[in-house]
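Take a moment with the chain before reading on. The walk below goes from overall form to single residues.

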Amino acid sequence: MENYIKKNIASLKPSSTLAINEKVKKLLNTGKKVFNFGFGQSPFPIPEKIVSVLKDNAHKKDYLPMQGLPQLREAISKYLLKRTGITYEKENIIITPGSKEAMLLMHIAFDGDIILPAPSWVSYQPQAQIALNKVHWIETSIDNNWFPTSKQLEEKIKKINKKNIILIINSPNNPSGSICNNFGQIAEIAKKNNINILSDEIYADINFKKNYESISKFYPEGTFISGGLSKWCGAGGWRLGFFAVPKNQSNFLKALKTLASESYSTVNTPLQFAAVEAYRGDYSDYLNKSKNILKSVGNYVYNNLKSNKVLINPPQGAFYLMPEFLNSKFKTSNDMCEDILYKTGVALLPGSDFGFKPNKMLARLSYTDFNGEIFLKNISTTKSLDDEVIKKYAPNVVEGTNKLVEWSKTL
Ligand SMILES: Cc1ncc(COP(=O)(O)O)c(C=O)c1O
């Protein structure tokens with residue numbers, strides 16, 4: 001058999017995160033110290049109560065309904081109402097093995113084009129490609145906090161000139177760590193042009209502002225929401241996500257349900273019971289402490305790294321920063337990140353992996369290279385942590401930042 005792989009699949013590149021992890025492994029094997037600022041995983045343990053509910057339900061072996069455990073969908077519906085002010089009925093929520101799978105199903109079901117802001121999470125574009133949905137990029141700038149302006153969005157919609165469009169918005173954002181300030185304006189254009197929005201809210205509970213704002217508040221009838229346990233409760237490997245659609249689009253959910261039933265059937269049973277606890281329980285103490293640690297560590301990196309050679313926004317959520325290195329002599333951000341890795345041991349992901357042109361010297365920096373369990377145990381405050389505490393509990397982040405600062409002085 002020749003050429004038996006579909007063209008759109010054969011042309012997918014291996015994920016950049018995997019590529020950097022390979023390089024990191026090789027360096028570690030040579031005995032070099034590596035500062036893993038390339039990794040996008042929560043450093044904190046899953047709250048014990050949630051783990052114990054998982055254990056208590058480990059014997060449950062029957063398949064659950066394909067759409068997910070009704071109590072879990074009910075709990076997520078309430079959680080969304082509390083967080084966004086909008087009702088997504090439990091009938092319009094589906095439980096998925098991670099929100100990534102939910103998004104893939106969305107792309108497969110959707111017949112239309114996708115608008116992605118650059119920067120965007122690494123998987124949106126490949127997922128669209130798998131489903132043969134055309135992607136249109138909007139390159140954002142630091143001036144608008146790395147989100148599209150309404151003018152950019154309107155121009156793009158006009159240019160695409162198609163009926164069916166989904167815009168994907170992710171705030172707090174991976175990779176920029178920024179929060180969108182112009183939801184209202186974006187929603188207005190989306191509504192006027194009758195396009196859909198997917199609000200990827202996987203980092204919603206790790207935002208450093210007092211109140212989380214969801215774009216669904218401004219455009220409830222056109223906003224899908226995806227989310228899950230991976231980031232806020234440190235359960236990435238558990239693979240529990242959800243996808244919620246507005247009431248008036250329940251036909252879209254029907255299509256997702258069919259795809260779910262023909263692929264993964266349903267998410268594993270014990271996990272769904274544990275997730276009920278995660279969404280019903282009060283984990284505000286755990287979350288406030290986790291956010292305080294992340295915000296303080298992020299601010300430490302921001303304050304030390306920013307200079308006339310490094311342009312960077314303060315951290316606002318998730319666990320990322322996106323520095324731009326000025327006067328760089330490199331052709332591509334990938335070349336730059338390789339140089340940084342080999343000279344300093346600091347692993348970063350290049351901006352080109354997030355939709356930027358390769359000659360933009362941006363990189364994603366994840367400031368999670370510390371033991372979150374020990375850090376959490378040793379702080380009892382939600383007041384900003386001083387440098388001494390950060391040096392004690394996040395020494396790799398401190399040392400890696402110093403190395404990066406030294407490297408940036410050579411620019
Ligand atoms: C922006 C963004 N969306 C979605 C996901 C997927 O999360 P999960 O499939 O674990 O729910 C990630 C994980 O890295 C992410 O960074």
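What follows moves from the whole chain to its domains, its strands, its backbone details and its ligand.

This is a predicted model. The protein chain contains 15 helices and 14 strands. Its C-alpha trace spans about 55 × 50 × 50 Å along the principal axes. How does the radius of gyration compare with that of a compact globule? For 411 residues, a compact globule would come out near 22 Å; the protein chain has 21 Å, so the two agree. Buried residues account for 46% of the 411 residues. Among contacts in the protein chain with a separation of 6 or more, 74% link residues 24 or more positions apart.

Domain 1 covers 7–45 + 284–409, and domain 2 covers 49–280. Their C-alpha centres are 25 Å apart. The contact between them draws on 31 residues from domain 1 and 33 residues from domain 2. Which elements give two or more residues to the side of domain 1 that touches domain 2? They are α1 (7–10), α2 (16–29), α11 (284–305) and β10 (320–321). Helix α11 provides the largest share of that side, with five residues. By class, this side of domain 1 has 14 nonpolar, 13 polar and four charged residues.

Is Lys 7 buried or exposed? It has 8 C-beta neighbours inside 10 Å, and therefore counts as exposed. Lys 7 and Ile 130 are 123 residues apart in sequence, yet their C-alpha atoms are 9.6 Å apart in space.

Strand β10 leads on to a sheet. Three strands form an open sheet in the order β10-β14-β13, with antiparallel pairing. Strands β10 and β13 (349–350) stand at the edges; each has a single partner strand, so one side of each lacks a neighbour in the sheet. Look at one of the pairings. Strand β14, residues 363–366, joins β13 in the antiparallel sense over two bridges. Leu 349 stands opposite Arg 364 in β14.

Strands β5 and β6 pair in the other sense. In general, the strands of a sheet pair through backbone hydrogen bonds, either parallel or antiparallel. Strands β5 and β6 pair in the parallel sense, over five bridges. Within this pairing, Leu 167 has Ile 197 of β6 as its bridge partner. How many residues of strand β6 (residues 196–200) are buried? Five of its five residues are, so that the strand is mostly covered. In a regular strand, side chains alternate between the two faces of the sheet. Asn 196, Leu 198 and Asp 200 point one way from β6, while Ile 197 and Ser 199 point the other way. All of these are buried.

Where is Pro 172 found? Pro 172 is in the loop between β5 (165–170) and α8 (183–192). A cis peptide bond joins Ser 171 to Pro 172, with omega at about -5 degrees. Pro 175 is found in the loop between β5 and α8 as well. The peptide bond from Asn 174 to Pro 175 is cis, with omega near 25 degrees.

Next, check phi. Arg 239 has phi near 65 degrees, a positive value in a residue other than glycine. Arg 239 lies in the loop between β7 (223–228) and β8 (241–244). With 19 C-beta neighbours inside 10 Å, Arg 239 counts as partly exposed. Ser 265 is not a glycine either, and its phi is positive at about 70 degrees. Its loop runs between α9 (250–261) and α10 (269–280). Ser 265 counts as exposed, because it has 11 C-beta neighbours inside 10 Å.

Finish at the ligand. Which residues come nearest to the ligand? Of the 13 residues around it, Gly 98, Ser 99, Lys 100, Trp 121 and Ser 230 do. What classes make up this shell? Its residues divide into two nonpolar, nine polar and two charged.

Conventions: Residues numbered from 1 in each chain as written. Predicted model: local features only at pLDDT ≥ 70, side-chain atom pairs only at ≥ 80, totals over all residues. Near = placed C-beta within 6 Å. Nonpolar A, V, L, I, M, F, W, Y, C, P; charged D, E, K, R; others polar. Domains from an automatic or database assignment. Contact = placed C-beta atoms within 7 Å. Helix = DSSP H or I, 4+ residues; strand = E, 2+ residues; numbered from the N terminus. Rg over C-alpha atoms; globule rule 2.2 N^0.38 Å. Buried ≥ 20, exposed ≤ 12 C-beta atoms within 10 Å, placed from the backbone. Pairing = 2+ DSSP bridges.
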